[in-house]
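Take a look at the structure below. We will walk through it residue by residue.

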Amino acid sequence: MPEEMITIGGKQFEVACSPGEEDFLHSAAAMLDAEARTLIGQIGRLPETKMLLMAGLMLADKTAGAEDRVRVLEQDLSAVRSE
């Protein structure tokens with residue numbers, strides 16, 4: 001199992017992933033890092049656990065919003081197809 005180094009909020013972590021999943025891991029880490037850097041820019045230094053928790057919650061909120069928009073668009077598309 002490959003071990004990859006990722007950086008979140010200026011801190012490095014070694015993470016194992018399945019072979020072939022390295023690019024996905026780095027992409028996901030980049031998304032989490034962007035949220036962590038936003039937090040650090042707004043609040044300043046945070047304990048590592050709080051930074052990771054808050055960044056994860058921010059991503060979850062964005063994901064929930066995107067899922068809601070997709071659901072509405074799918075309903076709209078279904079209505080248009082029914083006409």
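Which residues does Cys17 touch, not counting residues up to four places away in sequence? Cys17 touches Met1, Pro2, Glu4, Glu22 and Leu25. Contact here means heavy atoms within 4.5 Å.

A word on the source. This is a predicted model, where local features need pLDDT of at least 70, side-chain atom pairs count only at pLDDT 80 or more, and totals for chains, interfaces and linings use all residues. Residues are numbered from 1 along each chain as its sequence is written, and side-chain values use heavy atoms, leaving out hydrogens and water.

Back to Cys17. It is found in the loop between strand 2 (11-16) and helix 1. Helices (H or I, at least four residues) and strands (E, at least two) are DSSP runs, numbered from the N terminus. Cys17 has a relative accessible area of 8%, so it is buried. Buried means under 20% relative accessible area, exposed over 50%, and partly exposed in between (1.4 Å probe, protein chains only). Pro2 is 15 residues away along the chain, yet the C-alpha atoms of Cys17 and Pro2 are separated by 5.7 Å.

Now follow Cys17 to Glu4. Glu4 lies in strand 1 (residues 3-8). Beyond its neighbours within four places in sequence, Glu4 is in contact with residues including Phe13, Val15, Cys17 and His26.

Why does Glu35 count as buried? Because its relative accessibility is 7%. Leaving aside neighbours within four places in sequence, Glu35 is in contact with Ala55, Met58, Leu59 and Lys62.
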